[in-house]
Amino acid sequence: MPDVRAADRPRRAPARKAPVYAALLRAGVAPCPGALDAFRRLRPTHRLGLATNSARAEVTFLLAHLGVAPLFHATVAREDYPRPKPAPDAYLAAAAALGLAPGECAVVEDTERGLRAALAAGTRAIALPSDLTFDNDFTGAACRLAHLDELTAELLARI
């Protein structure tokens, strides 16, 4: 007889994760080094969007906590598109929300999965590996940054 509990685990995982993740967010999260400066530097000349596999409640809380919500022209959360990354849906939805064609967008990604989604959507992709993803395969990225200080309007114009 099959183990019904084992078959149900994938559906229960997000429900178990949500309260733990929310508690970690409330305990305090620091922005990625250089992120606030990059957002402030680029917002006057570029439309900024956020496309995440996170739930809307989580991303809304996090952006408010960090005080960066007003810096984004559009925020696309997991509820806003059908298939998660590495499918291109998040980036296609973000481009549409920004009123741009995907080819007009540049995406900064810290994971191979996200990079695959960005490339599949037809955007220009910039790799920004983290300590956890430095060994991911970022083949296809227009460039690889070591720090967000390198993300400038001039770089975006070149890629």
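Select Asp89 first. Its relative accessible area is 9%, so Asp89 counts as buried, the cut-off being under 20%. Bear in mind that this is a predicted model. Asp89 belongs to helix 4, which runs over residues 89-98.

Now show what surrounds Asp89. Setting aside neighbours within four places in sequence, Asp89 touches Tyr81, Pro82 and Arg83. Which of these side chains meets Asp89 in a salt bridge? Pick Arg83: its side chain and that of Asp89 form the bridge, at 2.8 Å from N to O. Arg83 is partly exposed, at 46% relative accessibility.

**Along helix 4**

Which of its residues are buried? They are Asp89, Ala90, Tyr91, Ala94, Ala95 and Leu98.

Then step just past the end of helix 4 to Gly99. Gly99 has a positive phi of about 75 degrees.

In general, strands of a sheet pair through backbone hydrogen bonds, either parallel or antiparallel.

Zoom in on strand 3 and strand 4 (residues 124-127). How many bridges join them? Four bridges, in the parallel sense. Select Val108 to see a bridge: its partner in strand 4 is Ile126.

**Two nonpolar cores**

Keep Ile126 selected. It is one of the residues with the most contacts inside the largest nonpolar core, which has 18 residues. Which element supplies the largest share? Helix 2 does, with three residues.

Stay a moment on Leu155. Beyond its neighbours within four places in sequence, Leu155 contacts Ile126, Cys143, Leu145 and Glu150. Another core lies apart from the largest one. It has 14 residues, including Ala51, Leu115, Ala118 and Phe138. As a general rule, nonpolar side chains in soluble globular proteins tend to be buried together.

**The aromatic pair**

Next, look for paired rings. There is one aromatic pair in the structure. Select Phe39 and Phe72. Why is this pair called edge-to-face? The ring planes stand at 65 degrees, and over 60 counts as edge-to-face. The ring centres are 4.9 Å apart.

Phe39 sits in helix 2, while Phe72 sits in the loop between helix 3 and strand 2. The pair links distant parts of the chain, 33 residues apart. Phe39 is partly exposed, at 23% relative accessibility. Phe72 is buried, at 10%.

Finish with charged pairs. The structure has four salt bridges, and the bridge between Asp89 and Arg83 is one of them. Side chains of opposite charge can, in general, pair when their charged atoms come close.

Select Arg56 and Asp80. Their side chains form a salt bridge at 2.2 Å, N to O. Arg56 is in helix 3 and Asp80 is in the loop between strand 2 and helix 4, so the bridge ties together parts 24 residues apart in sequence.

Last stop: Arg116 and Asp137. Their side chains meet in a salt bridge at 3.9 Å, N to O. Arg116 lies in helix 5 and Asp137 in the loop between strand 4 and strand 5, 21 residues apart. Arg116 is partly exposed at 27% relative accessibility. Asp137 is partly exposed too, with a relative accessible area of 35%.

Key
Residues numbered from 1 in each chain as written. Predicted model: local features only at pLDDT ≥ 70, side-chain atom pairs only at ≥ 80, totals over all residues. Heavy atoms only, no water. Helix = DSSP H or I, 4+ residues; strand = E, 2+ residues; numbered from the N terminus. Contact = heavy atoms within 4.5 Å. Pairing = 2+ DSSP bridges. Buried < 20%, exposed > 50% of the residue type's maximum accessible area, 1.4 Å probe, protein only. Core = buried A, V, L, I, M, F, W, Y, C linked by side-chain atoms within 4.5 Å. Phe/Tyr/Trp six-rings, centres within 6.5 Å; stacked < 30°, edge-to-face > 60°.
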